Amino acid sequence: MAAMREPLPATIRITGYKSHAKEILHCLKNKYFKEIQEVEIDGQKIEAPQPLSWYPDDLAWHTNMSRKILRKSPLLEKFHQFLVSETESGNISRQEAVSMIPPLLMKIEPHHKILDMCAAPGSKTAQLIEMLHSDMDVPFPEGFVIANDVDNKRCYLLVHQAKRLNSPCIMVVNHDASCIPRLQIDTEDGQKGTLFYDRILCDVPCSGDGTMRKNIDVWKKWTTSNSLHLHGLQIRIAVRGVEQLAVGGRMVYSTCSLNPIEDEAVIATLLEKSEGALELADASVDLPGLKWMPGVTKWKLMTKEGQWYKDWSEVPVNRHTQIRPTMFPPTDTEKLANMKLERCMRILPHHQNTGGFFVAVLVKKAPMPWNRRFPKLRKEQSSSSVPQPEDSPVGTPLPETPLEDGERDGGKEPGEDSPKEPEAGDQAKESNVCGPPPNKKMKRHGFKEDPFVFLTEDDPVFPPIESFYDLSPDFPKINVLTRTHEGKKRHLYMVSKELRNVMLNNSERMKVINTGVKVWSRNSDGEEFGCAFRLAQEGIYTLFPYIRSRMITVSVEDIKILLTQENPYLSKLEEDAHQQAKKMGMGSIVLKYRPDNSNPDGPQCPIELCGWRGKTSIRAFVPRNERFHYLRMLGVEVFRDKQGQGPREEEKEVKEEVKEGETENGNKDVSPKQELRGENRGDEHLKGDEREGGGENLTST
């Protein structure tokens with residue numbers, strides 16, 4: 001309780017899959033952390049941030065600085081701006097230490113199919129995506145992450161988090177996790193099969209009593225009835241998760257609550273109903289250095305009025321609707337011992353100065369018993385919840401769900417009788433469309449999404465793109481999609497072939513909020529140079545392996561000029577890059593930097609930037625926060641001043657360069673024009689605050 005009353009340390013995580021992670025770590029250690037070591041604020045000495053001992057590769061750090069100090073102190077302003085800017089560009093994540101644990105226990109490989117059942121706000125989802133992309137040389141890992149949340153608005157928060165990582169292997173969907181539909185996929189032998197996930201993260205809604213240090217409201221609002229209300233939902237979500245888990249797969253169940261009714265009671269119920277199909281894994285060796293307490297095997301239940309019950313038999317009949325038998329520990333001592341509940345992990349706030357957290361790792365050894373008993377029903381109702389038999393895992397039946405084709409036609413198998421009208425889904429499949437679901441099947445509130453339309457290999461949009469960028473023959477055209485049926489395609493996105501398989505087979509079953517990474521954007525100025533689509537910075541790491549022309553190799557000095565000057569003349573580049581640019585026609589280009597072993601001070605990771613070769617000048621098309629990121633990696637001091645104050649000394653030099661670039665060029669041949677004006681209307685893929693910043697001055701506030 002003493003630890004609970006202290007403020008929570010700020011923790012940051014450096015995103016691990018980006019090849020830039022080591023560079024950011026180097027920058028943090030050698031610059032920012034050294035500068036703030038001896039700082040005193042209000043008589044309190046600021047401790048230098050320390051790495052979390054249990055997080056691999058020193059990629060997570062914590063500090064005793066409160067958010068208030070970080071925001072208010074002028075001495076820490078640079079560090080604060082660094083954190084904000086790098087967070088915006090997806091290179092650092094502000095995440096509570098304990099919430100980093102579940103993804104690490106999932107043991108993810110790049111080929112795993114992963115479901116994140118209650119994903120918003122998305123910091124754990126980001127970790128899952130990073131682990132899929134552990135090998136940066138593979139643009140399309142075989143695995144994918146489907147991130148789900150029941151709240152439509154929170155899904156967009158999730159999109160924002162995931163978008164920063166620019167992965168073609170993430171899809172955000174909007175469903176109630178307790179009855180998330182079972183999805184179909186085309187199997188390798190050409191048959192239709194059910195999608196079972198290799199890994200599932202089940203971070204369920206909870207009373208949040210472990211977050212008291214961060215959420216002060218919990219102190220006022222906490223009541224024992226919170227857990228009683230949530231227990232049933234938590235079981236339903238967990239049951240739905242294990243049903244969709246592949247045999248041999250792992251599901252991590254976690255809560256930020258320390259109440260056994262939300263923790264061990266749920267796990268015990270799952271284990272009991274699974275009849276040996278599930279077992280608790282021993283995760284004690286997976287995170288060396290992490291301190292935790294074993295799961296409890298005895299607990300009591302307390303009502304809002306302060307009455308205690310040890311056993312279901314003590315509960316009066318009038319309480320039977322609120323208090324259920326599954327909330328109590330199993331009474332059979334042998335059964336309880338076999339469950340090995342002590343393998344659950346309870347992280348308490350005083351163990352290592354964190355929030356409170358509960359996590360358990362379940363491994364699926366066999367299909368769930370109710371699926372084995374009712375295989376025919378399961379087949380018929382594959383898109384809905386498994387029917388609840390008498391000895392069902394949850395006492396209360398789930399709500400009615402839409403019937404499948406076979407059941408709708410009086411139980412006959414499709415194709416048994418006279419041909420029926422083609423369904424919307426059939427049309428969708430024919431035209432490579434994963435459209436919004438028909439109204440009658442799924443009524444949902446929230447923003448209406450545009451359809452996801454996959455292009456065919458012979459789409460007329462491809463030949464000019466292929467010849468302009470000299471795309472390699474193995475470029476997967478069928479993975480390209482757009483968000484419009486009619487009219488000109490404004491943006492082209494890419495997904496991995498596995499996600500394409502999921503989308504085309506389930507357009508009626510699921511509500512997709514967002515997927516794919518933007519790789520090209522229409523630019524009317526480019527048409528006269530042979531290609532109407534310019535490269536988008538978000539998708540450059542996905543596309544780069546397939547592009548064989550329009551590439552200029554640049555040096556550290558070239559990048560500094562391109563990122564600090566608005567539209568520099570070609571002659572501003574060093575000789576090598578200047579000669580390459582002169583030979584190239586106007587239009588979209590890739591600016592490629594490769595580490596120079598003879599210069600240990602330069603970045604030691606490859607960098608690819610999108611740019612535009614004008615008539616006499618050249619420019620980089622990089623959103624502002626990413627400009628700051630790359631400049632920091634090159635050792636350039638950049639940080640913006642607070643509004644209303646003059647520029648800092650460190651900025652003046654950069655500002656002069658920007659002005660010089662503007663006046664010299666007069667912005668004569670900047671293209672595309674809409675970028676300069678900051679227009680990106682109709683970017684239906686992103687919300688307003690995420691649109692690319694285009695050509696802003698480096699120092700604009």
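Predicted model: local features only at pLDDT ≥ 70, side-chain atom pairs only at ≥ 80, totals over all residues.
**Entry: D470**

With that naming, I place D470 in the loop between α16 (462-469) and β22 (480-482). I looked up its backbone and found phi near 45°, a positive value in a residue other than glycine. Is D470 buried, exposed or in between? Its relative accessibility is 30%, so I put D470 down as partly exposed.

**Entry: D58**

I found another aspartate with a positive phi, D58, at about 60° and again not a glycine. D58 sits in the loop between β4 (50-51) and β5 (60-63). Its relative accessible area is 29%, and I note D58 as partly exposed.

**Entry: a cis peptide**

Which residues does the cis peptide bond join? I find A120 and P121 on its two sides, with omega about 5°. P121 belongs to the loop between β7 (113-116) and α5 (123-132).

**Entry: α3 on its own**

I checked the length of helix α3, residues 77-88, first. At 1.5 Å a residue its 12 residues should span 16 Å, and I get 16 Å between the end C-alpha atoms, which agrees. Next I looked at burial, where the cut-off is under 20% relative accessible area. The buried residues of α3 are E77, F79, H80, Q81, F82, L83, S85, E86 and T87. That makes 9 of the 12, so the helix is largely enclosed by the rest of the structure. After α3 comes G90, with a positive phi near 80°.

**Entry: α3 against α1**

I describe two packed helices by the angle between their axes and the distance between the axes. For helix α1 (residues 21-35) and α3, the axes come within 10 Å and cross at roughly 160°. An angle over 145 degrees counts as roughly antiparallel, and therefore I call α1 and α3 roughly antiparallel to each other. Their crossing is left-handed. On the α1 side, the contact is made by I24, C27, L28, Y32, F33 and E35, and on the α3 side by K78, F79, F82 and E86. Sorting the residues of this contact, I get 7 nonpolar, 3 charged and no polar.

**Entry: α3 against α21**

I then turned to helix α21 (residues 624-633). Its axis and that of α3 are 8 Å apart, and the two helices pack at an angle of about 115°. This crossing is left-handed. Which residues make the contact? From α3 I list Q81, F82, S85, E86 and E88, and from α21 I list N625, F628, H629 and R632. The residues of the contact of α3 with α21 divide into 2 nonpolar, 4 polar and 3 charged. Going back over my lists, I see F82 and E86 in the α1 contact, and F82 and E86 again in the α21 contact. I also have F82 and E86 among the buried residues of α3.

**Entry: K291**

Last, I looked at K291, in the loop between β14 (278-280) and β15 (293-294). With a relative accessible area of 48%, K291 is partly exposed. What does K291 contact, leaving aside its neighbours within four places in sequence? I find I347, H351 and Q352. I also looked up H350: K291 and H350 are 59 residues apart in sequence, and their C-alpha atoms are 9.7 Å apart in space.

Conventions
Residues numbered from 1 in each chain as written. Heavy atoms only, no water. Helix = DSSP H or I, 4+ residues; strand = E, 2+ residues; numbered from the N terminus. Expected span 1.5 Å × (residues − 1). Buried < 20%, exposed > 50% of the residue type's maximum accessible area, 1.4 Å probe, protein only. Axes fitted to C-alpha atoms, helices over the stretch in contact; angles between N-to-C directions. Parallel < 35°, antiparallel > 145°, perpendicular 65-115°, else oblique. Left-handed = near helix turned anticlockwise from the far one by under 90°. Contact = heavy atoms within 4.5 Å. Nonpolar A, V, L, I, M, F, W, Y, C, P; charged D, E, K, R; others polar.
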